[in-house]
Amino acid sequence: MVFKKMLQALGVGGPSVDTVLTNPNCRPGGFLEGQVHIVGGDHAVDVEYVAVGLMTRVEVESGDNEYQTNQEFHRQRLTGSFRLEAGARHDVPFRFEVPWQTPITEVYGQHLHGMTMGLATELEVARAVDKSDLDAVQVHPLPAQERILEALLRLGFRFHKADVERGRVYGVEQELPFYQEIEFYPPAQFAHGINQLELTFLPTPRKLQVVLELDKRGGLFTEGHDAFGSFDVDYATVDQVDWTAQLNNWLQQSARRRGIF
């Protein structure tokens, strides 16, 4: 009897949890729907709660060191406490809101290299280890984000990679403790002065905030440095603007003003 209780405390013979998403594809500010299927084990348990949360891989700078960690950034409790009898099935439907500033993971049907996103399900059982499940999620860009990405590609910029960095972006509305950087290789007309361009999207329900960073090439007697620029995109008028021309003008002006060319 004592050994059986020890096994129960370790989760042996306990309930299983499986989350099924109706559609794993979403956009920032949208939602994910699905059901959590819970099946009781060989003994009854008291479930404290069932919760789901979005997780991503975040790069953290600490002093002179850098490391990556998995970070949950939005969480929703789906149930309160309930009794789950042995072998019983309990299904929990849910509708989970995706934060507006959730990093994107897919562009034009292609996965962004360096990005990881998943919906974690947690089943908290009294006096036993947690049961969990993790499901991959694909976050696609908003139409306004697509317009900016399309403009950069038309200018000849090429995707390199993307990552998520813990920290704050100065001068913008930021709701999460991290931000995404999408890195591009420059086209020929910029390549002699720029190593790469880094793009950060920070959407809100009212507007899309865009931050651009130019990584300047260092010369033989000079050090490279970064040039920043930011602007807002109005969702209602995004299709009325020639973003290719707008971005080209900004890049040319910014490069000349900072002596990149």
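## Starting with one tyrosine

Where does Tyr 170 lie? You'll find Tyr 170 in the loop between β13 (158-166) and β14 (178-185). Keep in mind as you look around that this is a predicted model.

Is Tyr 170 buried or exposed? Its relative accessible area is 82%, and the cut-off for exposed is over 50%, so Tyr 170 counts as exposed. Now try finding Val 211: along the sequence it sits 41 residues from Tyr 170, yet in space the two are 9.9 Å apart, C-alpha to C-alpha.

## The whole chain

Let's zoom out. The chain has 17 strands and four helices. It contains 261 residues, and 45% of them are buried.

How does the chain meet itself? Take the contacts between residues at least 6 apart in sequence: 64% of these join residues at least 24 apart.

## Inside the core

The largest nonpolar core has 59 residues. Which of them touch the most other members? They are Val 36, Ile 38, Val 137, Leu 197 and Leu 199. Strand β4 (residues 45-62) gives this core its largest share, seven residues.

Beyond its neighbours within four places in sequence, Val 137 is in contact with Leu 21, Pro 24, Cys 26, Leu 32, Leu 54, Thr 105, Met 117, Gly 118 and Leu 119.

## An arginine on a strand

Last stop: Arg 83, which belongs to strand β6 (residues 82-84). With a relative accessible area of 47%, Arg 83 is partly exposed.

What is Arg 83 in contact with, leaving aside its neighbours within four places in sequence? The answer is Ala 44, Val 45 and Asp 46. Val 47 makes a handy distance check too: Arg 83 and Val 47 are 36 residues apart in sequence, while their C-alpha atoms are 6.1 Å apart in space.

How values were computed. Residues are numbered from 1 along each chain as its sequence is written. This is a predicted model: local features need pLDDT of at least 70, side-chain atom pairs count only at pLDDT 80 or more; totals for chains, interfaces and linings use all residues. Side-chain values use heavy atoms; hydrogens and water are left out. Helices (H or I, at least four residues) and strands (E, at least two) are DSSP runs, numbered from the N terminus. Buried means under 20% relative accessible area, exposed over 50%, partly exposed in between (1.4 Å probe, protein chains only). Contact means heavy atoms within 4.5 Å. A nonpolar core is a set of buried Ala, Val, Leu, Ile, Met, Phe, Trp, Tyr and Cys residues joined through side-chain atoms within 4.5 Å.
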